[in-house]
Amino acid sequence: MEVRLAPAGPELRERLLALAPRPEQERFSGRLVETLPAAEADPEREPVAILADGEPVGFFVLHRGPAAGDLAPERRDVLLRAFLVDAAAQGRGIASRALAALPEFVAQRLPGVHRIVLSVNVKNPVAIRTYQRAGFVDSGRLYPGGSAGPQHVFELWL
C-alpha cells in the first residue's frame, strides 16, 4: 500500500468529510466537518489529505502564523493539528507512514520551516507512541488549554 500526503483540495473535499476516527478518538482529533472548513477559510492553515493507494484515509492541518499561538510562535515553526486516520483504515500503519512522509512534504510545501510542533493529549498513549516512533520528541512542556485536557508538546526538527 502506498501512503502519501496531498493538499486537501476541492476534489477531495466530500470524500474527506466522510472520514472519522473511532468515536473515543474524536475528542482528541476533532471532527472533520469543523476542522476542514476552518482550515479552508484561513490562509495560514493548509489542510492535508492522507492518501492510501490514492484514496483519502486521513487528514491533518498545518498551521503557521500568529494564530498558531505559543505552540509554534516562530515563522520557522508549523503546528500540526487535527491529525486523524479513518476508523476503517486504522491498524495498517497508515499514521506511521504519513508521519514519515511529513518532513519532506513540509520542506516542499512550506520552505523555511525548521520545526514541526504538535500537542498530544496526556490520555492518548497510542498517539504518543506513534509520534515518538516518527521521531517527535517531548519538549517537556505541557499545554493546559486542550479541550480534552492537558497535552504534551512534541516537536520534530527538520
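Visitor: What do the buried residues of helix 3 pack against?
Guide: They contact helix 1 (13-17), helix 2 (26-29), strand 2 (45-52), strand 3 (55-63) and strand 4. Contact means heavy atoms within 4.5 Å. Helices (H or I, at least four residues) and strands (E, at least two) are DSSP runs, numbered from the N terminus. This is a predicted model: local features need pLDDT of at least 70, side-chain atom pairs count only at pLDDT 80 or more, and totals for chains, interfaces and linings use all residues. Residues are numbered from 1 along each chain as its sequence is written, and side-chain values use heavy atoms, without hydrogens and water.

Visitor: Which residues of helix 3 are buried?
Guide: Leu32, Thr35, Leu36 and Ala39. Buried means under 20% relative accessible area (1.4 Å probe, protein chains only). Their arc around the axis is only 95 degrees, so they sit on the same side of helix 3. The arc is taken from the directions from the helix axis to the C-beta atoms.

Visitor: New topic. How many residues of strand 5 are buried?
Guide: Six of the seven in strand 5 (residues 115-121).

Visitor: And how does strand 5 pair with strand 4, parallel or antiparallel?
Guide: Parallel, over four bridges. Pairing takes at least two DSSP bridges between the strands. Leu79 has Val117 in strand 5 as its bridge partner.

Visitor: What about strand 7?
Guide: Strand 7 (residues 151-157) runs antiparallel to strand 5, with seven bridges. Arg115 stands opposite Trp157 there.

Visitor: Back to Leu80. What does Leu80 touch?
Guide: Leaving out residues up to four places away in sequence, its contacts include Phe60, Leu102, Val117 and Phe136.

Technical notes
Buried means under 20% relative accessible area, exposed over 50%, partly exposed in between (1.4 Å probe, protein chains only).
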